[in-house]
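Take a moment with the sequence and the model. Then follow the chain from its overall plan down to single residues.

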Amino acid sequence: LCYIDPKDEEGSKSSSGGGGDVMKIYPLPHMYVIKDLVPDMGNFYEQYRSIEPWLQTKDGKTEGQAEFLQTREDRAKLDGMYECILCACCSTACPSYWWNADKYLGPAVLMQAYRWIEDSRDEFQDRRLAELDDAFKLYRCHTIMNCTKVCPKHLNPGKAIAHIKKKLAEK
């Protein structure tokens with residue numbers, strides 16, 4: 001995983017024909033570099049695992065049930081979250097993540113947490129929300145929105161984080 005300087009993005013598109021412009025590529029910022037452009041993603045993936053990113057139901061499937069169905073409207077609520085490729089660009093662009101990477105889950109993981117909170121088939125939304133209700137895990141987000149600016153898939157992790165905060169405030 002690497003970071004392509006967005007200031008050079010326009011120039012680099014036109015330079016693919018060998019026009020002389022140089023594309024600048026860096027390892028993900030604020031992560032330990034193992035070698036060349038390879039960052040240590042261990043902490044990031046541990047945080048991702050901590051949100052239990054899988055469908056959780058109380059009873060599991062009934063006999064003969066092939067899948068857990070949901071309406072088109074419920075499925076549409078997941079648009080803009082399931083497309084995340086966990087590249088960590090948003091997390092490594094976030095100042096709160098730079099300073100508290102050991103405790104703050106970061107934009108990518110929080111957006112994935114919200115993806116499961118919003119999934120109509122999941123039956124543990126309250127437990128998922130309770131796990132996130134922490135001064136460091138969630139509330140280190142100060143809505144700087146670097147996360148949204150750098151997302152290569154044009155997703156909006158900041159919006160997902162705001163929705164989590166709103167759901168917790170409503171409880």
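What follows is a walk through a predicted model, from the overall layout to the details.

Begin with the whole chain. The protein chain holds nine helices and four strands. Their order along the sequence is β-α-β-β-β-α-α-α-α-α-α-α-α. The chain has 171 residues, and 36% of them count as buried.

Turn to the strands. Strand β2 covers residues 25-27. Ile25 lies in this strand. Is Ile25 buried, exposed or partly exposed? Its relative accessible area is 40%, so Ile25 is partly exposed. The limits for that class are 20% and 50%. Ile25 also belongs to a nonpolar patch on the surface, along with Met23 and Leu37. Together the three residues have about 230 Å² of accessible area.

Pro39 is found in β4. At 7% relative accessibility, Pro39 falls under the 20% limit and therefore counts as buried. Pro39 and Leu28 are eleven residues apart in sequence. In space, their C-alpha atoms are 6.6 Å apart.

Asp36 sits in the loop between β3 (33-35) and β4 (38-39). Its phi is near 50°, a positive value, and Asp36 is not a glycine. Asp36 has a relative accessible area of 62%, so this residue is exposed. Glu52 has a positive phi too, of about 55°, and is likewise not a glycine. Where is Glu52 found? It is in the loop between α2 (42-50) and α3 (72-76). Glu52 has a relative accessible area of 28%, so it is partly exposed.

Now look at how helices pack. Helix α6 spans residues 106-118, and helix α9 spans residues 157-170. These two helices pack at an angle of about 55°, with their axes 8 Å apart. That angle makes α6 oblique to α9. The crossing of α6 and α9 is left-handed.

Helix α6 also meets helix α7, which covers residues 125-132. The axes of α6 and α7 come within 9 Å and cross at roughly 155°. Why is α6 roughly antiparallel to α7? The angle is over 145 degrees, so the pair counts as roughly antiparallel. This crossing is left-handed as well.

Between α8 (146-150) and α9 there is a loop, and His154 is found in it. Is His154 buried or exposed? With a relative accessible area of 71%, His154 is exposed. His154 and Glu83 are 71 residues apart in sequence. Their C-alpha atoms are 9.7 Å apart in space.

Charged side chains come last. Side chains of opposite charge can pair when their charged atoms come close. How many salt bridges does the structure hold? There are ten.

Asp126 and Lys171 form one of them, at 2.7 Å from N to O. This pair links distant parts of the chain. Asp126 is in helix α7, and Lys171 is in the segment after α9, 45 residues apart. Lys171 has a relative accessible area of 60%, so it is exposed.

Glu131 and Lys137 form another salt bridge. Their closest N and O atoms are 3.7 Å apart. Glu131 is partly exposed, with a relative accessible area of 45%. Lys137 is partly exposed too, at 27%.

Asp74 forms a salt bridge with Lys77. Here the closest N and O atoms are 3.5 Å apart. Lys77 has 44% relative accessibility, so it counts as partly exposed.

Some salt bridges are joined in a network. It links Arg115, Asp119 and Arg121.

To review, return to a few places in the model. Find Ile25 in strand β2, then Pro39 in strand β4. Finish at the salt bridge between Asp126 and Lys171.

Conventions:
Residues numbered from 1 in each chain as written. Predicted model: local features only at pLDDT ≥ 70, side-chain atom pairs only at ≥ 80, totals over all residues. Heavy atoms only, no water. Patch = residues over 30% accessible without salt bridge, like charges linked within 9 Å, V, L, I, M, F, W, Y side chains within 5 Å. Areas by Shrake-Rupley, 256 points an atom, 1.4 Å probe, with all protein chains shown as cover. Salt bridge = Lys/Arg side-chain N within 4 Å of Asp/Glu carboxyl O. Buried < 20%, exposed > 50% of the residue type's maximum accessible area, 1.4 Å probe, protein only. Axes fitted to C-alpha atoms, helices over the stretch in contact; angles between N-to-C directions. Parallel < 35°, antiparallel > 145°, perpendicular 65-115°, else oblique. Left-handed = near helix turned anticlockwise from the far one by under 90°.
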